[in-house]
Amino acid sequence: MRLKGVLSYKGTNFFGYQIQKDSTQRSVQKEIQDVLKRIFNSEIKIFSSGRTDRGVHAVGQVIHFDIEKEVNVTKLKHSMNCLLPSDIHFISLEEVDETFHARFSCVNKEYRYVINLGEYSPLTNDIMYNYCSSLDLEKIKEAMKLFIGRHNFINFCANDDGDYIREIYSFTCEEKENIITFKIIGNGFRRYMVRMIIGTLIEVGKNKLDIDSLRTLINGENFLRVSFKAPSEGLYLYKVNYEKEGKSEYDDN
């Protein structure tokens with residue numbers, strides 16, 4: 001029996017989604033697998049749509065796992081939420097076809113990044129980037145257009161092996177009461193990719209990076225990895241989208 005779960009978590013006190021080599025470091029994956037072990041008295045591995053790094057939050061992370069016996073899914077969801085720590089919560093849990101895979105069936109993902117331009121607030125310090133200064137939003141919006149489409153993002157992600165070609169379908173930002181919310185949807189994101197894109201846009205908004213220089217970086221004409229990376233606390237994995245037979249070969253975030 002294969003189950004698909006949609007969950008949210010506050011990443012502040014986690015060392016990322018993935019199980020860490022140091023067993024004393026908290027991870028989302030380990031917390032969930034420990035709960036499943038308590039319920040089923042056996043080791044059950046979960047598979048996610050992708051990893052999130054230390055301090056990164058999720059509104060709609062997706063996982064799947066297999067169990068050997070039929071269960072009441074509604075009761076299982078309730079039991080898991082009762083046993084899980086307060087910074088993880090299952091929004092939904094459902095039975096799916098065994099061809100479903102949380103990662104490989106993914107068609108696209110939406111990430112959001114939240115920045116506070118106003119007065120510093122200790123109450124929001126874990127859930128948004130307290131930049132607390134002005135930015136040129138018109139220049140930022142102009143620069144954002146360059147990221148849309150299919151590009152070589154080698155300059156905007158961690159120095160890992162693999163393919164750096166990704167496609168961004170939509171990239172928007174909204175401002176309300178000094179809070180900027182960036183929304184970016186793409187077929188896959190490499191490690192640190194969203195944070196490095198946002199960090200670069202902040203430099204544009206500070207008038208420290210011009211559009212022509214940014215255009216060169218996006219096209220990957222020169223291997224010159226950017227040094228700008230926005231803090232993790234402002235980033236959210238917001239939604240993972242699927243189609244019945246869809247597959248994204250690029251999603252390794």
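1. In this predicted model, the sulfur of Cys 132 lies 18 Å from the closest cysteine sulfur, which belongs to Cys 173, and that is too far for a bond. Cys 132 itself is partly exposed, its relative accessible area being 29%.

2. With a relative accessibility of 0%, Cys 106 counts as buried.

3. A disulfide is a covalent bond between the sulfur atoms of two cysteines. When the pairs of cysteine sulfur atoms are tested against a cut-off of 2.5 Å, the count comes to zero disulfides.

4. The surface carries a patch of negative charge, in which Glu 70, Glu 95, Asp 97 and Glu 98 gather. Of these residues, Glu 70 is placed in the loop between β3 (57–66) and α2 (73–83). Glu 70 has a relative accessible area of 61% and is therefore exposed, in keeping with the requirement that patch residues have over 30% relative accessible area.

5. Val 28 belongs to helix α1, which spans residues 28–40. Its relative accessible area is 0%, so Val 28 is classed as buried, the limit for that class being under 20%. Although Val 28 and Asp 87 are separated by 59 residues in sequence, their C-alpha atoms are 9.3 Å apart in space.

Key. Residues numbered from 1 in each chain as written. Predicted model: local features only at pLDDT ≥ 70, side-chain atom pairs only at ≥ 80, totals over all residues. Heavy atoms only, no water. Patch = residues over 30% accessible without salt bridge, like charges linked within 9 Å, V, L, I, M, F, W, Y side chains within 5 Å. Areas by Shrake-Rupley, 256 points an atom, 1.4 Å probe, with all protein chains shown as cover. Salt bridge = Lys/Arg side-chain N within 4 Å of Asp/Glu carboxyl O. Lys, Arg positive; Asp, Glu negative; His and termini not counted. Charge placed at Lys NZ, Arg CZ, Asp CG, Glu CD. Helix = DSSP H or I, 4+ residues; strand = E, 2+ residues; numbered from the N terminus. Buried < 20%, exposed > 50% of the residue type's maximum accessible area, 1.4 Å probe, protein only.
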